[in-house]
Amino acid sequence: MAVAAWDQDVITLGAHAAMEVLSRHPDVVPSTIFFASTTAPYAEGSNVAILAEALNLAGTGCTGFEVGSTTAAGAAAIELALDRVARGPVLVIAADCGRSAGGRPFGDGAVAWLIGSQGECAQIDAVSGDLSWFMDRWRIDGSGDITQSDRSLRAVSPGKSFAKSVGADLHIDDANPAIAGAGYLGTAAYLASVVLAFEGKRKGTRLTASASAGGASHALHLTAGSAAKHVAARFRERFDCGFDEEPTAAPDVASFDPYTSESRRWRERAADLRLEASRDTSGRVVYPPATDGERVGLARSGKVFTQTTDHVYPLGGPVSMAVIELDGGGRFYGQVIDGLGVEIGEPVNLVMRRLHMGGGVPQYFWKIAPKGRT
Amino acid sequence: MPVSGEVAIVGAGVTPFGVLHELSYLDLIARSANAAVSDAGINMDLVEAAWLGTAEPLTAGLVGDSGAAVAQAIDFSPRPVTRVSNFCTSGMEAVRAGAMAIAAGEHDVVLAIGAEKMRDVTPRGSLVAKTAEQTHPTLAKGRTAPGQFALLANRYLHTYGASKEDLALVAVKNHGNANRNPKAHFHHDLTVDDVLSAPRVAEPLGLYDCTPTTDGGASVVMASREWAEANARRFALIEGMGLAVTGGYYSNFFDGESDYLGFESTRAAAAKAYEQAGITNPRQELDVLECHDCFTITEIVNTEDLGIAAPGKGVELLKSGATSFGGDIPVNLSGGLQACGHPVGATGVRMIAEIFNQVTGEAGERQVQGARRGLAHTLGGPGVIASVIVLGSPGD
């Protein structure tokens, strides 16, 4: 990931990571979600409930937990997940946008793991942990940016001795490792680094990986499955993209004051967060959905039917707008990411983004992304 | 009884259209209403009821959201006044409502008033900001009026191989026409190059592909045919009237049916009006048209939707000169929305006044020789509401 767009955050990144892993295992329905982040938008309020809505897990009996405080929370979430597997599959989403909290050279990214009682990626054999308070990196609530202690102090972090004590092959803290093409991904760093450590490794390879931040340390002992190196290769491809162009600057939103309503936001959450549509009696897909009527999801890919670049839209411009003919029927009309121009006939995907901050609250919705550019 | 053939336009008044800092919204009502009444050769006390078309009172401090605006602007107490609103068809809705009251026998003489004060706020502060901020928090966010019609333009250009130069010809024609209309907002000729090099608004539309932001008011006095025959200095009859509402706020965008090459609402409204007027070949049977050229592309698709050009042949018709001044089916001789501007509620009534003048032989420099039958068309919102009214001189 490396550098999130101005309209991405840990919710949109986390949702996409989760959607991807769930789409590869369509028969698996998680009964627990752990969401690990130190840069989630709601300091109070449920980030994981928003993710559950986006992933169509709300109201299914799926429960959610948020794990935070340090960037070792990704590893912590895995450990917590292991105790929940008996109840059903567990989805762990780790996401951080360190740059939004003044982190440097921290990247932005999300990784999701699906943990169950069986699988081909890896087996988690054992865990260990320790607590020994340490000031390596911190952010005080309400007072701004991430701060790091100086390098010589970080050299004596208890995390390092913990890693040694468990025989870690790989230790993740805020200095190590910086993933090429991604930077340091906060809570997602552990989940990403463990996967990458299985690059080219055959089934049966053992790995001990530890994480430490703020003096909270966690370690997992894993054995690679047959799919481990394929997942690793896929991750590497994603991380090696780096970025060739400046990310689009955030539009000046200071004077934009859109109409919002919390009642509407709640009532239309399914249509907003997961493009839930309805089907009418003749079988046609209807969006926005009719209040009554069979629920279906809008397809999230299609082709451009028509488009324009709008120079007068007042929220920083120009805005690129397109009407998309969706695969499987229906249409979507909305903004194209980063003001990119698209052409009639071009294939596109729909991606979840933060549309605006009306009422001071992130409003999530979907935008149009050229294929190969999400 | 039905409206067709039974309701007459007997007088009209139109204010200058432009940026009218010295005139308030209520002045626009008063001046056009008084002018219409005077043109009809009557006194205001003969008018029994009024309808007021204003689309967006938010741009005028909420004044214009009810009939009280008319009672404040002119001496009308205690007579009934109803404010009507239907996007850009609001003015013609005032005419339509008045016509139905007359046809019902409830009134003999009424006023239809259209007025809009758009420039008490800066152009970008008015409808553009309102649409961007006050509409639905997620659906169609990013939409503007020019942006909506730009979608139509791009699909039309793609499908029929037309060009931006073709679109520009509408602006050139209508701005040229406006030189014969002292009431228009703008009076200067444009070249195709002027249009193509103007600042971009929403690709492929530039500044001169778009109607400007304008203040204005227009009124017509309407009466029963009997009253008109007995009393009117001149009159035209409503021969056909159609209003079609084909969808909601988002239908055209999230609906798989719209082809972005025209508007079902215009076709449906025209079909109804033509049926009432007994018109089967509008190209031959109409002498003059005012249609809703909010953007250059819109005039082109309007001519197709109104049946004076076949689908995909709107550019060919335009290039043939047939819709120009002196052509056999002139369109927007007033300058249209392109050069008159579009004070939303006033536009439809301005068009009715224009066609009324044409078919009663009082269009001055703009007169189409021997014009007996004309059409007014407005189109609103994301193109889901359209109004078509056919007027004819009596004795046809």
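**Interfaces and local features of a predicted two-chain model**

Across the interface of chain B and chain A, 16 residue pairs are found in polar contact, with both residues of each pair at pLDDT 80 or more. The elements of chain B that each give two or more residues to the side touching chain A are α4 (127-134), α5 (145-160), β5 (200-202) and α9 (251-254). Of these, α5(B) gives the most to that side, with seven residues. When the residues on the side of chain B that touches chain A are sorted by class, 15 are nonpolar, twelve are polar and ten are charged. The structure described here is a predicted model, and the values given are computed from it.

The extent of the interface between the chains can be expressed both in residues and in area. In residues, 37 from chain B are in contact with 35 from chain A. In area, about 3,200 Å² is buried between chain B and chain A, and carbon and sulfur atoms give 61% of this. Three residues, B:Pro137, B:Thr138 and B:Phe254, together supply 21% of the area that chain B buries against chain A, which is more than any other three residues supply. Charged side chains also meet across this interface, where two salt bridges are found. In a salt bridge between the two chains, the side chain of B:Asp255 meets that of A:Arg284, with a distance of 3.7 Å from N to O.

A second contact surface lies within chain B itself. The domain assignment of chain B gives domain 1, made up of residues 7-122 and 216-236, and domain 2, made up of residues 136-209 and 239-391. The contact between them takes 41 residues from domain 1 of chain B and 38 residues from domain 2 of chain B. The C-alpha centres of these two domains lie 23 Å apart. Between them, domain 1 and domain 2 of chain B bury about 2,900 Å², with 77% of this area on carbon and sulfur atoms. On the side of domain 1, B:Phe17, B:Cys88 and B:Met92 supply 28% of the area buried against domain 2, more than any other three residues.

Polar and charged groups also take part in the contact between the domains of chain B. Nine residue pairs, with both residues at pLDDT 80 or more, are in polar contact between domain 1 and domain 2 of chain B, and the count of salt bridges between these domains is two. A salt bridge is formed by B:Glu362 with B:Arg233, in which the closest N and O atoms are 2.9 Å apart. The side of domain 1 of chain B that touches domain 2 receives at least two residues from each of β1 (7-14), α3 (90-103), β4 (109-116) and β7 (216-224) of chain B. The element that gives the most to this side is α3(B), with eight residues. The residues of this side of domain 1 divide into 22 nonpolar, 13 polar and six charged.

The surroundings of one residue of chain B can be followed in detail. B:Thr378 is placed in strand β10 (residues 373-380) of chain B, and this residue counts as buried because its relative accessibility is 0%.

Several features of the backbone remain to be described. In chain A, the peptide bond from A:Tyr287 to A:Pro288 is cis, with omega near -5 degrees, and A:Pro288 is placed in the loop between β12 (285-286) and β13 (294-297) of chain A. In chain B, the peptide bond from B:Glu203 to B:Pro204 is cis, with omega near 10 degrees, and B:Pro204 lies in the loop between β5 and β6 (205-206) of chain B. A positive phi of about 55 degrees is found at A:Asp338, although this residue is not a glycine, and A:Asp338 lies in the loop between β16 (331-335) and β17 (347-356) of chain A. B:Asn332, likewise not a glycine, has a positive phi of about 60 degrees. B:Asn332 is found in the loop between α13 (314-320) and α14 (336-340) of chain B, and this residue is buried, with a relative accessible area of 0%.

How values were computed: Residues are numbered from 1 along each chain as its sequence is written. Chains are lettered from A and ligands numbered from 1 in the order in which they are written. This is a predicted model: local features need pLDDT of at least 70, side-chain atom pairs count only at pLDDT 80 or more; totals for chains, interfaces and linings use all residues. Side-chain values use heavy atoms; hydrogens and water are left out. Domain bounds come from an automatic or database domain assignment. Contact means heavy atoms within 4.5 Å. Buried area is the accessible area (1.4 Å probe) that two parts lose on being put together, summed over both. A salt bridge is a side-chain nitrogen of Lys or Arg within 4 Å of a carboxyl oxygen of Asp or Glu. A polar contact is a pair of N or O atoms within 3.5 Å; within protein, one must be able to donate a hydrogen and the other to accept it, and residues adjacent in sequence count only if both atoms are side-chain atoms. Helices (H or I, at least four residues) and strands (E, at least two) are DSSP runs, numbered from the N terminus. Ala, Val, Leu, Ile, Met, Phe, Trp, Tyr, Cys and Pro count as nonpolar, Asp, Glu, Lys and Arg as charged, and the others, Gly among them, as polar. Buried means under 20% relative accessible area, exposed over 50%, partly exposed in between (1.4 Å probe, protein chains only).
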